[in-house]
Amino acid sequence: MSFWPFGQGANSASSLNRLLDAYYKKRTLLDIEQHPQQQPLRSEQSDTTSMSGDDMDHLDELALDKDFVLMVLDDPNVLNELNRQNNRLIDFICTGYVDDAQPDASPLLSNGDGITSPELGTSLSTAEDVPTPTPSTTATTPGTPVLEVLVSLIVDSVDWFDRNEKLLFQLDNDEEMVGEDTGLDREEVSKLMNRIHVASEILSCKIWLISETLVEEPALLTKLWTFLEHPLKSASPSVQFFVKINEQLLESRPDQMLNFIRSQANIVDLFIKHIDITIIMDFLLRIIASDKPDVPKGIIEILGEQKLIPKLLHLLEEETDTSTQSSCGDFLKALISISANTSIDENTIGPNLLTKELVGDECVDEIIRIIHKRGNGLSTIVGVIIEIIRKNNSDYDQVNLLYTTLEKNPPSPRDPIYLGGMLRKFADNLDSFNDILIDPQLTSKRIKTQINTEIEPLGFKRFKVCELVAELLHCSNIGLLNNHLTEKIIEERENFLKERESNLANALSDDLLSTSANAPAVTPVPGLTLSNLNIGAAEPSVAVSEKHITVSPHTAPASNTDRTGDLPLLEETEPTPEPVISKQDTIRTNPTVGDYFKIKLVDSTILQTIIGLFNKYPWNNFWHNVVFDVVQQIFNGRLDVGYNQFLIFELFRSCDITNLIIDSYNLCVETEEQTSVRLGYMGHLVLIAEEVVKFSSQFQNTKFNDAEIDELIYSKLIDENWISYVTNVLTETREQYNCVLGGIKTNEFQQSEYLNHDAIILGNSEDEIMGQEVEGQTAEDDVDGAPLDDVFYESSETADSDGDESMGVS
């Protein structure tokens, strides 16, 4: 079929053109009858006067009601004509109207023979709370716009698809449609489905007049969005139709659509009702992603006012379905992903009020309650916390708050979120997290392993708690959380933001003008600005005239130096160097948020618990990887400042990490002798041992300058058992890891590489492969009693005799 309406194309579209001709002629006659004083246009008059008597009789029988719209939808060429920009069809869709349905009229989803689907077509189209659209072109003529008929068809299709789900499944699988006495055959079901499909394609097409008419009539959008009030299923085709229509409107008419969305008082409840339907929640994310920092739309503020984040957390706190909680967690993580502090793609909107609320005190308290309940929401909410830490690392902020001022970077609702309050609350609950790890009733059952022994499973909840602690340890190493000025700077910016919002609210309500007229004049103090004024501090407010100005949060109080005058002077006989233990006490007295978490990590004994459970679950590599992550973070932390050096001390003292490595290796050797199977933690055990060895080389150059700590660590590192493990077991393992796994050919043998005689070296022919196997067997027979160096390394005599054919490695 050709694109242009000639030949076969013109004949196939003639039925649709006849319908449109009949509509316009019938509508012209009705207008003449209703308004005889008005003279029709010359073209309309010629059309009506040129009709024959049979045509007039046919028009008299034609009813311009909703069934007429369905006849247009049933035409097979309606979409083709729409894509061809058929002006008459577009005018019919946008400005056309049909007579209101009579009480005995059939519902929208029906066929010409009166076969209907009960409770459809009248559920929402006649609702009292939905206003009837009145386009300007039909303001003086009663009737239902064609667009409203199409929208009602989409809304009513929800119940129809739900009632005929089984029939649709049989239709998709070419099965005989049996089992329900609905009176619908295969052809009728296909006809009804086609009507819904065509209606959705018309409403989602990229024609300016159609989309403009939709968004300019709030009643049409209101009726369309009553779709979300239905109980929906993710497999329902209606869901895809609804999202497709709204996504097209959001793309082509963003301002009008966002204005409509902002006007909805229950937008959050409508979406949360369908939290299990991914495509609907993705549409909500797209709405949120339209609220860019440089072009704010107010969507985030509306969702915050309607308590989006607390309502999502409430779903995780309740004992809801696992699928619902999983969908809730997926949405939160997707929201955090597009709210990252670094721009990832065009959908990234940066930190905002929603993610800021998520790490606020109230939400963090609810998150901790979810963890304490040990329900299905524990694993979900831990994933959310991990995501928000990774996507909001302040080390990657574009503006470092420690090196800026309020004048250079005024506070805004889109400032990077501060994780210090959340970290402090989690630190206060590490004792309860430790109780979860050591609770024997968490996994009371036993499972069998491949070596026919019963072991206690780790349990997903225990693993997620340990994963949370490891990620919080990452968070405690963020630079902004290890500075004493950070909390004061954050407080100053928050107070400035609150005061600005309060002033704006007062200005809008004219309270600011009334109070300023009666307020006494205040003489400005030179040098006093918002950047050095501690707004909202705990100190009582003092009049400026008394010259009592709050100390700047960036400056240490001068009163600290005065307090030292009351202390007795130290005698000259006392040692002048301050012991390192006092450094630990000093950090504990006034810790940063990062150090506070590390202190609680030691005091709660959760660090000792995590390290001690390493070999209790020998077959869970996920657990071993998290334990290795914790150990690696501690050993790679800073030794000069902060509390991390005392975490290293705890690894050697309370965790006894060197003996743990040795005992775990010996246990593996015993198990291998008995069952010929090595335990599953050996790979991560080697990685942990390598971290200890790497630290030992660093410890020789940079000690802790504390006799007790240095002596204990030194004694652990020079223990003969540990030295034996490092020089024999770990060195041999490292050499095996460096071995070429597939072996090498004899003519490619080099001194620094191992030769695996059991390897099959793939050559150019089968004879070469077989010859390599024979050579391997001969070499193995020759070296049974040879020393280790003779087996793996080429002797110097052989290397010299080979000349240019062999290369020695210095």
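1. What share of the contacts in the protein with a separation of 6 or more comes from residues 24 or more positions apart? Such residues account for 73% of those contacts, where a contact means heavy atoms within 4.5 Å. The model is predicted, so local features need pLDDT of at least 70 and side-chain atom pairs count only at pLDDT 80 or more, while totals for chains, interfaces and linings use all residues. Residues are numbered from 1 along each chain as its sequence is written, and side-chain values use heavy atoms, with hydrogens and water left out.

2. Overall composition. The protein has 40 helices and four strands; these are DSSP runs numbered from the N terminus, helices being H or I with at least four residues and strands E with at least two. Of its 810 residues, 43% count as buried. Buried stands for under 20% relative accessible area, exposed for over 50%, and partly exposed for the range in between (1.4 Å probe, protein chains only).

3. The nonpolar core. The largest nonpolar core holds 195 residues, of which Phe92, Trp225, Phe271, Ile288 and Phe426 touch the most other members. Helix H8 (residues 146-163) supplies the largest share of this core, 11 residues. A nonpolar core is here a set of buried Ala, Val, Leu, Ile, Met, Phe, Trp, Tyr and Cys residues joined through side-chain atoms within 4.5 Å. In soluble globular proteins, nonpolar side chains tend to be buried together. With neighbours within four places in sequence left aside, tryptophan 225 is in contact with Phe242, Asn246, Met257, Phe260, Ile261, Ile267, Phe271, Phe283 and Ile287.

4. Helix H24. In H24 (residues 430-438), the buried residues are Leu430, Phe433, Asn434, Ile436 and Leu437. Seen down the axis of H24, they fall within an arc of 155°, so they line one face of the helix; the arc is that of the directions from the helix axis to the C-beta atoms. Their cover includes helices H21 (361-373), H23 (420-428), H25 (460-476), H30 (593-603) and H31 (606-612).

5. Two helix pairs. The axes of H21 and H23 come within 10 Å and cross at roughly 35°, and the crossing is right-handed. Asp361, Val364, Asp365, Ile367, Ile368 and Ile371 in H21 meet Met422, Lys425 and Phe426 in H23. The axes of H35 (residues 682-701) and H36 (residues 707-717) come within 11 Å and cross at roughly 130°, which makes H35 oblique to H36. H35 passes H36 in a left-handed crossing, and Val692, Phe695, Ser696 and Phe699 in H35 meet Asp710, Ile713, Tyr714 and Leu717 in H36. Axes are lines fitted to C-alpha atoms, for helices over the stretch in contact, and angles run from 0 to 180 degrees between N-to-C directions. Angles under 35 degrees count as roughly parallel, over 145 as roughly antiparallel, 65 to 115 as roughly perpendicular and the rest as oblique. A crossing is left-handed if the near helix is turned anticlockwise from the far one by less than a right angle, and right-handed if clockwise.

6. Leucine 332. This residue of helix H19 (residues 322-338) is buried, with a relative accessible area of 0%. Leucine 332 and valine 384 are 52 residues apart in sequence and 6.7 Å apart in space, C-alpha to C-alpha.

7. Backbone points to check. Lysine 307, in the loop between helix H17 (299-305) and helix H18 (308-317), has a positive phi near 60°. Serine 676 has a positive phi near 65° and lies in the loop between helix H34 (657-675) and H35. Most residues other than glycine have a negative phi. Lysine 307 is partly exposed at 44% relative accessibility, and serine 676 is exposed at 64%.
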